[in-house]
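Hi everyone, thanks for coming. Today I'd like to walk you through one structure, step by step, so please have a look at the picture first.

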Amino acid sequence: TGDVSTLWLSGCCLLIRTQQFLELGGFDPNLFMYYEEFDICKRANIHGMECILAAHAHIKHRSNTSSSPSFKVSYIKHLHWARSKRIFLNKHAIQITSTGECFIKFLANFVMALISLLTLNPKRFLKFAARAHSYLF
């Protein structure tokens, strides 16, 4: 029925004052394409700032329109989503991934990519191959 304080806001329409953005250290250069807004909101909460969801604000987000659909674009999106998620979770001690766990997750995703390839499922192959790749750096 009205504005509400929340932990996370979507980055597709996130407004922040420049001064506050700079106080928070700006965007983390290790995060690319995904999880930047979660990181900014998490740091804002740590610094005692509130993230307010404006109930009467409306936007129309046209997702997947910045580039033409292709296997390459899909692979890059899956790669950066998985990598940024891991970096964000590690950074904020939500889920620490050790080197051993990274290897196991790499191996599991690699095997799933092979299975997807053998079952002629290219979309799932891309997803698992990109996730496996994300654990290499």
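This is a predicted model: local features need pLDDT of at least 70, side-chain atom pairs count only at pLDDT 80 or more; totals for chains, interfaces and linings use all residues.

Let's begin with charges. Side chains of opposite charge can pair when their charged atoms come close. How many salt bridges does a search of the whole structure find? The search finds three.

Take Lys91 and Asp28, whose side chains meet in a salt bridge at 2.9 Å, N to O. Lys91 sits in helix α3, while Asp28 is in the loop between α1 and α2, so this pair ties together parts that are 63 residues apart in sequence. Is Asp28 buried or exposed? With a relative accessible area of 12%, Asp28 is buried, whereas Lys91, at 38%, counts as partly exposed.

Next come the side chains of Asp39 and Lys91, which form a salt bridge at 3.0 Å, N to O. This pair also links distant parts of the chain, since Asp39 belongs to helix α2 and Lys91 to helix α3, 52 residues apart.

Asp39 has a salt bridge with Arg43 as well, at 2.8 Å, N to O. These two are four residues apart in helix α2, so about one helical turn separates them. Asp39 is buried, at 0% relative accessible area, and Arg43 is buried too, at 12%.

Now for the core. Which residues make up the largest nonpolar core? There are eight: Leu9, Phe21, Leu24, Ile40, Cys41, Ala44, Met49 and Cys51. Helix α2 gives the largest share, three residues. Not counting residues up to four places away, Ile40 touches Ile16, Phe21, Leu24, Gly26 and Phe27.

On to helix α5, residues 122-134. At 1.5 Å a residue, its 13 residues should span 18 Å, and the end C-alpha atoms are 18 Å apart, which agrees. Among its buried residues are Leu126, Phe128 and Ala129, and the buried residues of α5 pack against α3 and α4.

Notes: Residues are numbered from 1 along each chain as its sequence is written. Side-chain values use heavy atoms; hydrogens and water are left out. Buried means under 20% relative accessible area, exposed over 50%, partly exposed in between (1.4 Å probe, protein chains only). The expected span of a helix is 1.5 Å times one less than its number of residues. Contact means heavy atoms within 4.5 Å. A nonpolar core is a set of buried Ala, Val, Leu, Ile, Met, Phe, Trp, Tyr and Cys residues joined through side-chain atoms within 4.5 Å. A salt bridge is a side-chain nitrogen of Lys or Arg within 4 Å of a carboxyl oxygen of Asp or Glu.
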